[in-house]
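This report describes the fold of one protein chain and part of its surface.

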Amino acid sequence: MPRFRPAPFVAPLIASLWLTCAATMVRAEPVADVHALAQKEQQPLLDTLRDLVSIESGSKDIEGLNQIAERVAGQLKQLGGTVEILQPTDIYRLDDTPEKIGPAVHAVFKGTGTKKIMLIAHMDTVYLKGMLKDQPFRIDGDKAYGLGIADDKQGVALILHTVALLQKLAFRDYGTLTVLTNGDEEISSPGWRSTITKFASDQDAVFSFEGGGTDGTLRLATSGIGSAYLTVQGKSSHAGARPEGGVNALYELSHQVLQMKDLSKPEQGLKLNWTVSKSGTNRNVIPADATAQADARALKVSDFDELEKALQDKIKNRLLQDSKVNLKFEVRRPPLEANEASRRVAAYGKTIYQELGMSLKVDEKATGGGTDAAFAALKTSGAVVEGMGLSGFGAHSNDAEYVQVGSIVPRLYLATRMIMDLSTGKLK
Ligand SMILES: [Zn+2]
């Protein structure tokens, strides 16, 4: 991540030259009040971040999630939003979905314009209660350390202070500015995926504040993750005395797995690999049950639909007619696909960064795991940009997770300017 440095000041030699230059130089200089306020906002943001890190909020820690939701909602209320803490009602139950899912905070700021812009981040972490004491908030040089600080408490703090900055600028040219922070991202958002999709569907732009990696790259695509669960039911029988009386679930499972082993399409990024299996209880018993799991990855939403159809088709062909075969496919996270609107917005982000004398990377090749941005993108034709958060490192690690303090001002400036210029139509 390049450090912030102000754009070089070019002293004009004569006044008239300065005047002619001024018009063309406008875009090359940071917008002064926005930049000055972003600098003033750094310390308050760090104070918020300290508070957020100090509340443990693992995805299954409902008490902690309620506490952080109250904290976030309180700050959004102070900023003048219409705020509610929501409890999940429409739950997409995944294999590992806990019984209880944490809340989400939803805030709407009404403006005088027409554009609809949404900011998202998640409040939950992968950590278990009690780990905070080994990784409390602390600042050391350009790094702010803390449990869950990069993933994704910085995102929540950055949203809160972007809204604060807009308020200090008395900027209200947007139609609505919506904030949504959920408490279940790290468990694949079973409780909030449909809400994110719904709220995002009519937005002109959705900005997702996961960390920007070590170099602040904006991401327009992420890969989708799916899993397939195969269950075979046979019939047990004595393997020595009466094997013919059983239906060997392991044989059927093996047949199924082998006929479903070549469904990957590497040229389009679709992958299906069988990775886990289990069957049988005793050496001398024909197994009555067998299960297997596969890991699936895709770059296009439609690939998962087609893959599921192919899998359901395949299981109709059985080796043992008396066995029962069931296949469940779950989309843990759909892929995020880049669209024209997101490309335009990200490209504009590059020009904003140039005003600070910095360069901004944009990546539209999907890498690594997915995020909630993918749910936001499912039903919108607006822009969805991921990675708006601070630069940092060490997400999901047990020590040394940090964010770069030097990325706070540029990121506040970027988010604020994007919202302003989208609202006023400068950024189309
Ligand atoms: Zn995250």
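The model is predicted: local features need pLDDT of at least 70, side-chain atom pairs count only at pLDDT 80 or more, and totals for chains, interfaces and linings use all residues. Residues are numbered from 1 along each chain as its sequence is written, and side-chain values use heavy atoms, with hydrogens and water left out.

The protein chain holds 10 helices and 16 strands, which are DSSP runs numbered from the N terminus (helices H or I, at least four residues; strands E, at least two). Its C-alpha trace spans about 105 × 45 × 40 Å along the principal axes. Of the 428 residues, 52% are buried (under 20% relative accessible area; exposed is over 50%, partly exposed in between; 1.4 Å probe, protein chains only).

Helix 10 (residues 408-424) packs with helix 2 (residues 32-53) and with helix 8 (residues 340-355). Axes are lines fitted to C-alpha atoms over the stretch in contact, and angles run from 0 to 180 degrees between N-to-C directions.

| Pair | Axis distance | Angle |
|---|---|---|
| Helix 2 and helix 10 | within 9 Å | roughly 125° |
| Helix 8 and helix 10 | 10 Å | about 125° |

Helix 2 is therefore oblique to helix 10, and helix 8 and helix 10 are likewise oblique; angles under 35 degrees count as roughly parallel, over 145 as roughly antiparallel, 65 to 115 as roughly perpendicular and the rest as oblique.

On the surface, L250, Y251 and L319 form a nonpolar patch. L319 lies in the loop between helix 7 (301-314) and strand 12 (324-333). Its relative accessible area is 46%, so L319 is partly exposed. Patch residues have over 30% relative accessible area and no salt bridge, with like charges joined within 9 Å and nonpolar side chains (Val, Leu, Ile, Met, Phe, Trp, Tyr) within 5 Å; a salt bridge is a side-chain nitrogen of Lys or Arg within 4 Å of a carboxyl oxygen of Asp or Glu.

Terms used. Accessible areas come from the Shrake-Rupley method with a 1.4 Å probe; for residues, only the protein chains shown count as cover.
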